[in-house]
Amino acid sequence: MLELEAVSKVYRVGTFGGKELRAVHRVSFDVQDGEVVSLIGESGSGKSTIGKMILRLIPISTGRILFNGVDISTLKGVALKAYYRKVQGVFQDPFSSYNPIFKADRVFRILQQEYFPELSRSEWQDRVENALRAVGLNPDQVLDKFPHQLSGGQLQRFLIARALLLGIQFLVADEIISMLDASTRIDVLNLLADLKAEGLSILFITHDLSLGYYISERAVILYRGCIVEMGLTDKIYNHPLHPYTRMLMVSVPRLDRKWKEGEVQLRGQQSELAGGCVYYDRCPEADKDGSCRSHEPVLVEVEPGHFVACKLYPGA
Amino acid sequence: MDLQVRSETLYFAWRNTKLRVGLSVVLFFVALTFIGPLLTDYAPYDYVGPAAQPPSPEYWFGTTIFGQDVFTQFVMGLKATFQVGIIGGGLGTLLGILIGFTAGYRGGLVDEILNIFTNIVLVIPTLAILLIIAAYLEVRGILTESVFIGCTAWPWAARAIRAQTFSLRTREFVDLARLSGMNVWRIIMTEIAPNMMSYLLLVFILQFGGAVLIAATLDFIGLGPTNAVSLGLMMNNAVLWGALLLGMWWWFIPPGLAIMAIVGALYVTNVGLDEVFSPKLREM
Amino acid sequence: MSLQVEELTVYYQTLKGDVRALEEATFRVADGEIMGLAGESGCGKSTLANSLILLKPPMRLVKGRVTLDGEELPIHDMERMNSYRFERISIIPQYAMNALNPTQKIGKIIADLVRWRQVDFDDILPELKRRLDLVHLSYDVLDMYPIELSGGMKQRVVMVLSTLLNPSLLLADEITSALDVSSQKAVMEMLVSFRGWEFVRSVIVITHDLSILYQVADSILIMYAGQLAEKASTVAIIRAPRHPYTRMLISSLPEVGVKHAERRLTGIPGTPPLLLNPPEGCRFRERCPVAFEKCVDVPPFIQIEPGHFVACWKEFETNARA
């Protein structure tokens, strides 16, 4: 369905764009039909940048993103519009996703104007109401309201309903429940899982490891723009291989296990990247001879369906 | 905007006191520019009666030191002021919007080029250019003056609008509009511009006020219209001929007050519009 | 005997009337206790924390008493509270690490703050350096601007700063919510160490994240829509909650090890009530699966087991029968 081939994003910063800021570095992974893949990383790891590149909201610097075999960077005009009928996104902040001066259901009207001008008002209204019911909302309670009159959970469901109206095949869900309250966020997560069961492919972007585990078959762990580990969720969570992933797994607060003391290195100032391993500064396993600093590890398949980029594993 | 939203906006606009008061004052002066000429039989520079008369039933705003009717000059000058404000301020706003939106939304190289252009126009000593151009033209009308002003006053508006557009562009609802397949100009006009409506109006108001003041300055140094009368010219003449020393307040107070009232009322209108456009403020 | 809060009721004044953000809060935090204060956004947890230290308009004290180490705090009096703030009771406000004045060096910020409490910066400097050492920060940070520090470093500076005068009680409001998991753990463990080093006696940790509280808190107080729902030891709250809200909240939390395909979690249907005109009685009643006619009265917050307080009529009934 969706395939990323060595995708990079470099920003030029500073006076006259003299400095380069590497947001995403040679990222390759794919999402199969009807699969949920979690893209997990801390703030600044480039995970949202990847989502935005898939949605063509920002251009990629190098590499290719293929959707059903077609390079999406070539899409223009009508073809791009057709792409958006199949691929949609929902973002983190539900309130920022709506133009505050208009009513929330305007997102549906725009959709009709752009994609379904041939439908009559009542036909469209029926479809909207069905989509709203499909995401667990009562149309009478949520239509004709301003965004600030609805809850965050309702607004996120609105956007999922909007995507359903297009009959999409692929959804980029960028931290969509991190701003929702604990008691309602699980319902939105379940909704995604139900849609997945009906055949939707989802890229689930999150910083929350437990959410990734709950919903996805495969996970991609991102650190400073690079994939450090990816593979089947069970394998990554139960047998993390990369030192970074291992550190994450022991730091994640759980209700069934208490933290062990002293497993986390405090992070100092991050140094500039010099071409070596991105985790070099913080890694307790880093080579003292400096080969981790100079040598950039590549992803290798350590066991079936489990890739890691670290010198500890032969081949990397 | 569809009909329903528009009628709701109108409903809240009508309920807003600030908007009603502000608009009333502006409309009063607009009406005066149209009705005023009907109430006077004179031309602005006709010598119609005794000199330096205070307001009286015959000469409502009194007469100048030359015996010209101040009321006639006032209503004619009011018209000129509105013309300069609307044409000059409007042109300045329009250029600012065009350049600001393009630079802010497109970003990148387009932004940088427009930024350089904006900065160049910004640092050019506007008044000096206007002086030179004005000096070359034999006959100067209100329109020429307005166009000069508009063409040199837009840079700060462009900068402000660019910054606003830039911050709105990164909002997620703009991303969502792009995912809906909307084209660039439709996004700018239906997603970004409505959020800046009151801001754009403020820009226009300040451009309007600025244009009126620059016009007054030009008038003051003798480079104003050669074939018309304006409020600035009136104040200039009043000061020039010692109205302040002679205590002829009726000569300079009406034009000064009118400029203040118009700009002030537009400002109050703007605050009111802000409340109308923002649904959160409405409910208070 | 550290902190005793009795019937604390605080409303927010708005144009449309009082928002009843905190009702009749009565609880105790013992000497040396780290109490977690948890609940969803708008449940009143930040209102509770702020009213202990900075009760200013539009907040309005309706009634209640707060006693710290046996002495009543003049929480209604902004002026008189000045002599308690920072010295006896201190707060790390939400977003504190982003609130450091960006134009001043860290050292200057700290010097200004201690001078405000009539403490000489030079006198306290050796102790400050010792504490920076303990949190693995070099003295150089005193000569740095906030922008030069990472999020985790700033949070540690703020923690050292707010406990410099050894307050009796520290309020930590969402200090980890903007941090990455690895920094979260470091910051929380540091907070526990602060108690060990006696920089603070008791701590109230305010967060929406129960799994973090499980790691570090001795006890947890759960709030819902301005009312106290339950307070007990951490283990009791997580393993044997008695209030239906706590039970549903905990069972709705996804965790590493829980998969949708194997165990489908459920949320709590409905939304919290608006606190402008909240319903009478138990405010969880409309979303509660075990609500019955008694719930139209406000349930008292009482001890049903040693150290286990709960406000639920159904639970009282079950408990009485057992």
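Entry 1, the strand. I looked up β9 of chain A, residues 218-223, and found it mostly covered, with six of its six residues buried. For buried I used 20 or more other C-beta atoms within 10 Å of the residue's own, C-beta atoms being placed from the backbone. Strands here are DSSP runs of E with at least two residues, and helices are runs of H or I with at least four, numbered from the N terminus.

A note on the model: it is predicted, so local features need pLDDT of at least 70 and side-chain atom pairs count only at pLDDT 80 or more, while totals for chains, interfaces and linings use all residues. Residues are numbered from 1 along each chain as its sequence is written, and chains are lettered from A and ligands numbered from 1 in the order in which they are written.

Entry 2, the two faces. Arg218(A), Val220(A) and Leu222(A) are buried on one side of β9(A), and Ala219(A), Ile221(A) and Tyr223(A) are buried on the other.

I found β3(A), residues 36-40, running parallel to β9(A) with four bridges; strands pair if DSSP finds at least two bridges between them.

I counted 34 residues of chain A in contact with 37 of chain C, contact being C-beta atoms, placed from the backbone, within 7 Å. The largest share of chain A's side, eight residues, comes from α7(A).

Notes
Contact = placed C-beta atoms within 7 Å. Buried ≥ 20, exposed ≤ 12 C-beta atoms within 10 Å, placed from the backbone.
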